[in-house]
Amino acid sequence: MDYNMDYKESCPSVSIPSSDEHREKKKRFTVYKVLVSMGRSEWFVFRRYAEFDKLYNTHRDYLNRT
């Protein structure tokens, strides 16, 4: 059995192929198009920079507590 292949198919691959700038009530923000691949499946999610920043800070705070 090829364990390396099983591991590769169960780990997601993530890339950000593009971004778009949007405006909402005079506020500008960037939305990133995130491509997630896992095994033979692929899908897109759209996230704002603020969501990445929040995720980063949450992980940083968690790691600093351990």
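Author: Buried means under 20% relative accessible area, exposed means over 50%, and partly exposed lies in between (1.4 Å probe, protein chains only). This is a predicted model, in which local features need pLDDT of at least 70 and side-chain atom pairs count only at pLDDT 80 or more, while totals for chains, interfaces and linings use all residues. Residues are numbered from 1 along each chain as its sequence is written, and side-chain values use heavy atoms, with hydrogens and water left out.

Reader: What percentage of the residues of the chain count as buried?

Author: The chain has 66 residues. The share of them that counts as buried is 9%.

Reader: In what order do the elements of the chain run from the N terminus on?

Author: Helices (H or I, at least four residues) and strands (E, at least two) are DSSP runs, numbered from the N terminus. The chain has 2 helices and 3 strands. From the N terminus on, their order is α-β-β-β-α.

Reader: Over how many bridges do strand S1 and strand S2 pair?

Author: Two strands pair if DSSP finds at least two bridges between them. S1 covers residues 13-24 and S2 covers residues 27-38, and they pair in the antiparallel sense. Within this pairing, Ser-19 has Tyr-32 of S2 as its bridge partner. The count of bridges between S1 and S2 is 10.

Reader: Which residue in the turn of the hairpin of S2 and S3 has a positive phi?

Author: S3 spans residues 41-48 and runs antiparallel to S2, joined to it by 8 bridges. The S2 and S3 hairpin has 2 residues between its strands. In that turn, a positive phi of about 60 degrees belongs to Gly-39.

Reader: Why does Ser-37 count as buried?

Author: Ser-37 lies in strand S2. Contact means heavy atoms within 4.5 Å, and Ser-37 touches Cys-11, Pro-12, Ser-13 and Glu-42, not counting residues up to four places away in sequence. Ser-37 counts as buried because its relative accessibility is 16%.
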